[in-house]
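Open the model in a viewer and keep the sequence panel beside it. The stops below go from the whole chain to single residues.

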Amino acid sequence: ESQEAALQASGLDWTAVRPPHLTDGPRSDAVHVGFPTDTRPPAMKVSRADVAALLIGCALDGAHSRRAVSVAG
């Protein structure tokens, strides 16, 4: 929580990504970004390749700028 508070106070363009269990699987492009807390979350694992692709996308398009997002496969 203190790390995200520091990001929010920084004035920088940032995205914090919260992956669950990381796997060494291939990129699947089936990553769920953020999901309602009142529904069952998707599989609580995601490949490192999918997280890397998401991070690159965040840097390029700014879709999740200044947000912390949970991800899962």
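Of the 73 residues, 18% count as buried.

Next, colour by pLDDT, since this is a predicted model. The chain averages 86, and 89% of the residues score at least 70. Where pLDDT is low, the predicted coordinates should not be read in detail. Select helix H2, residues 48-61: among the elements of the chain, H2 has the highest mean pLDDT, 93. The lowest mean, 85, belongs to E3.

Switch to a cartoon view. The chain holds two helices and five strands, and from the N terminus the elements run α-β-β-β-β-α-β.

Now select E1, E5 and E3 together. In what order do these strands lie in the sheet? The order is E1-E5-E3, in an open sheet of three strands with mixed pairing. Residues 15-18 (strand E1) and residues 32-33 (strand E3) form the edges, each pairing on one side only.

Finally, return to the whole chain and display contacts between residues at least 6 apart in sequence. How many of these join residues at least 24 apart? The share is 76%.

Note on methods. Residues numbered from 1 in each chain as written. Predicted model: local features only at pLDDT ≥ 70, side-chain atom pairs only at ≥ 80, totals over all residues. Heavy atoms only, no water. Pairing = 2+ DSSP bridges. Helix = DSSP H or I, 4+ residues; strand = E, 2+ residues; numbered from the N terminus. Buried < 20%, exposed > 50% of the residue type's maximum accessible area, 1.4 Å probe, protein only. Contact = heavy atoms within 4.5 Å. pLDDT = per-residue confidence, 0-100.
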